[in-house]
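Please work through the exercises below with the sequence and the 3D structure at hand. Each task is followed by a solution that goes step by step.

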Amino acid sequence: MKLCILGGGGFRVPYVYRALLGDGGEPRVDDVWLYDTDSERLEAVQRILAELAEGHPDAPRVSATTVLDDALEGADFVFCAVRVGGLAGRTQDERVALELGVLGQETTGPGGLAYGLRTLPVMRRFAERVRAVAPGAFVINFTNPAGMITEAMQSVLGDRVVGICDTPSGLGRRVARALGADPAAARLDYIGLNHLGWLRRLELDGRDRLPELLADDEKLGSLEETEVFGPEWIRTMGLLPNEYLYYYYFNRDAVRAILDAPRTRGEFLVEQQTAFFRQARGLSCGAERLWRRTIAERSASYMAEAKDGVEHGEAPAAGAGSPTDEAPEPEIDGYAGVALALMNAIARDEPASMVLNVRNGPIVPSLPADAVIEVPCTVDAKGPRPQPVTAPDLSQLGLMQQVKACERLTVRAAFEQDPDAALQAFALHPLVDSVSVARRLLDGYRTRIPEVAEALGGR
Ligand code: G6P
Ligand code: MN
């Protein structure tokens, strides 16, 4: 099978390739095409993949190109993970908002809307080219903000685009493990939008085990989510929120913590990634080792603002994730695991259960049928089908509706080059507290990110 990776120069691509190397089933991917606009990054990633392939006689062949149609032509699967505007754009997404005293974050709040605005035109072009040169392909979208982007791509390609994220499955896995159970045996009652969802029940053998977890100090305390939200708030809610809800439930604290840190996440990554690609260019061997150390450092400092005592860019505490010579293997089941499991369930017609970003249809009647939501699905050769879930409660539904309205205004703004729709998206977002702030956000993003100005027609 041919797999095309849009954003093939991406830092997490080696995760995907490593997952492919470890996959012995049939049919399997034997032909990988990396597409990117940056040929230097493509070269560095190709070098890492070549090192990973050593000792694997049946490793998938890898080709790299800056010509979109060459990468897409005849693909069976397309993985899509691009960052329009690069990490420089991510930094502006953060800073423009932070300077106005509101949350500045990659996907959540106004930063996510700015990121969406500039990404949508590119994704529409990708979807149109898939339809033209790879009409049979199934598209797996990781590009953030993943819910909004997937919804927009579905307007061109229909249900053959599915959005994925590692956070809901990661949450399910952590909870199952804390209960001493096999994550594969757990049935999740999860609903939301991407980066805005709630695990209300986790069933093992037909019985909800969340109450047991919430009642147990030690088990609850072992979860990353408890570090983020604190045990009291989790117990008060009686459920487990997706970690990104930290930015809603602890908004002021989050803004404060990010402002107090010496650098934003984007700024940390600009430094880290620039150094990585510069070093990788000069290496004749050892690129894979350098990648492993760098990604371990990246994982160890993930969402530091939500976790006490850790600061961006500081050497993480010794132990898991330390970027030492003994750097442990980064987790493989996250990002790449979800993608590979989805692809295999479809290609091999092996039914699997996973949380995906799919069309709402009739699931939440008070959201548009063509809205993309995040829910557990059963996947086989026919594609994903949502499993029955409990209806969202009033507060969950309210947040989903409000944020979805902002996402759809953003899509309209980008597709119709309509700055008024963009202003409404910023102004109506729950994390933006005034229309005057929304106006300054829009101005700031248009001035400081050329791709945002362009998406709105350059006006
Ligand atoms: C998780 C989320 C992704 C997000 C990433 C950010 O994996 O699911 O959607 O892009 O974290 O991680 P980073 O290392 O870039 O801050
Ligand atoms: Mn995600």
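**Exercise 1.** Determine what handedness the β-α-β unit made by β2, helix α2 and β3 has, keeping in mind that the model is predicted.

*Solution.* Begin with the two strands, β2 (residues 31-35) and β3 (residues 61-65), which pair in the parallel sense over 5 bridges. Within this pairing, L34 has A64 in β3 as its bridge partner.

**Exercise 2.** Find which residues are the protein donors of the manganese ion (ligand 2), and decide whether C165 and H195 are buried or exposed.

*Solution.* The donor atoms are SG of C165 and NE2 of H195, which lie 2.2 to 2.4 Å from the ion. C165 belongs to the loop between β6 (161-163) and α7 (167-178), while H195 belongs to the loop between β7 (187-193) and β8 (196-204), so the pair ties together parts that are 30 residues apart in sequence. Buried means under 20% relative accessible area; C165, with 9% relative accessibility, therefore counts as buried, and H195 is buried with a relative accessible area of 7%.

**Exercise 3.** Work out how helix α17 (residues 394-415) and helix α18 (residues 419-428) pack.

*Solution.* The axes of α17 and α18 are 8 Å apart, and the angle at which these helices pack is about 160°. Because angles over 145 degrees count as roughly antiparallel, α17 is roughly antiparallel to α18.

How values were computed. Residues numbered from 1 in each chain as written. Chains lettered and ligands numbered in written order. Predicted model: local features only at pLDDT ≥ 70, side-chain atom pairs only at ≥ 80, totals over all residues. Heavy atoms only, no water. Donors = N, O, S within 2.8 Å, 3.2 Å for Na, K, Ca; no water. Helix = DSSP H or I, 4+ residues; strand = E, 2+ residues; numbered from the N terminus. Buried < 20%, exposed > 50% of the residue type's maximum accessible area, 1.4 Å probe, protein only. Pairing = 2+ DSSP bridges. Right-handed = clockwise from strand over helix to strand, strands pointing away. Axes fitted to C-alpha atoms, helices over the stretch in contact; angles between N-to-C directions. Parallel < 35°, antiparallel > 145°, perpendicular 65-115°, else oblique.
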